[in-house]
Amino acid sequence: MANTTSAKKATRKIARRTIVNKSRRTQMRSSVRSVEEAIKRGDREAALKAMAHAEPELMRAAQGKIIHKNNASRKVSRLAHQIAKLAK
């Protein structure tokens, strides 16, 4: 348990940030899942529409250090590649 006042404050701040980050991570994962489901169905139009929503979510999560920026870029790249394969 924290002893100093600064450590106690730090634990309170961490608890607040954890709630925010969990919410943002859930929102990001949901948007990515909607793209993946559209790809699985083979619905290119729905996948493109979902991707337009998911890409900013991923980049915002990377900007907020919820996930690493390379991880976000890799996810975007892989999803875009899968959508491009649907066109063929």
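**Figure 1. Leu 86 in helix α3.** Leu 86 lies in helix α3 of this predicted model. Is this leucine buried, partly exposed or exposed? Its relative accessibility is 26%, so Leu 86 counts as partly exposed, given that buried residues must fall under 20%. Setting aside residues up to four places away in sequence, Leu 86 touches Ile 39, Gly 42, Asp 43 and Arg 44. Follow the chain from Leu 86 to Arg 74, and you will find these two 12 residues apart in sequence, with 19 Å between their C-alpha atoms.

**Figure 2. Ala 87, also in helix α3.** Ala 87 is found in α3, and with a relative accessible area of 52% this alanine is exposed.

Figure 3. Which residues of α3 are buried? They are Ala 72, Val 76, Leu 79 and Ile 83. These four cover an arc of only 70° around the axis, which puts them on the same side of α3. On the other side of the helix, look for Arg 78, His 81 and Lys 85, which are exposed. As for what the buried residues of α3 pack against, the partners are α1 (5–41) and α2 (44–63).

Figure 4. Ser 31 has its place in helix α1. Why does this serine count as buried? Its relative accessibility is 4%, and the cut-off for buried is under 20%. Once neighbours within four places in sequence are left aside, the residues in contact with Ser 31 are His 53, Ala 54 and Glu 57.

**Figure 5. Met 51 and the largest nonpolar core.** Nonpolar side chains tend to be buried together in soluble globular proteins, and this view shows where that happens here. The largest nonpolar core has 18 residues, and those touching the most other members are Val 35, Ile 39, Met 51, Leu 58, Ile 67, Leu 79 and Ile 83. The elements giving two or more residues to this core are α1, α2 and α3; α2 gives the most, with 7 residues. Apart from its neighbours within four places in sequence, Met 51 is in contact with Val 35, Pro 56, Val 76, Leu 79, Ala 80 and Ile 83.

**Figure 6. The whole chain, for orientation.** Taken along the principal axes, the C-alpha atoms fill a box of roughly 60 × 20 × 15 Å. Of the 88 residues, 24% count as buried. The chain exposes about 6600 Å², and carbon and sulfur atoms supply 51% of that area. Among contacts with a separation of 6 or more, 53% come from residues 24 or more positions apart.

Technical notes: Residues are numbered from 1 along each chain as its sequence is written. This is a predicted model: local features need pLDDT of at least 70, side-chain atom pairs count only at pLDDT 80 or more; totals for chains, interfaces and linings use all residues. Side-chain values use heavy atoms; hydrogens and water are left out. Buried means under 20% relative accessible area, exposed over 50%, partly exposed in between (1.4 Å probe, protein chains only). The arc is that of the directions from the helix axis to the C-beta atoms. Contact means heavy atoms within 4.5 Å. Accessible areas come from the Shrake-Rupley method with a 1.4 Å probe; for residues, only the protein chains shown count as cover. A nonpolar core is a set of buried Ala, Val, Leu, Ile, Met, Phe, Trp, Tyr and Cys residues joined through side-chain atoms within 4.5 Å.
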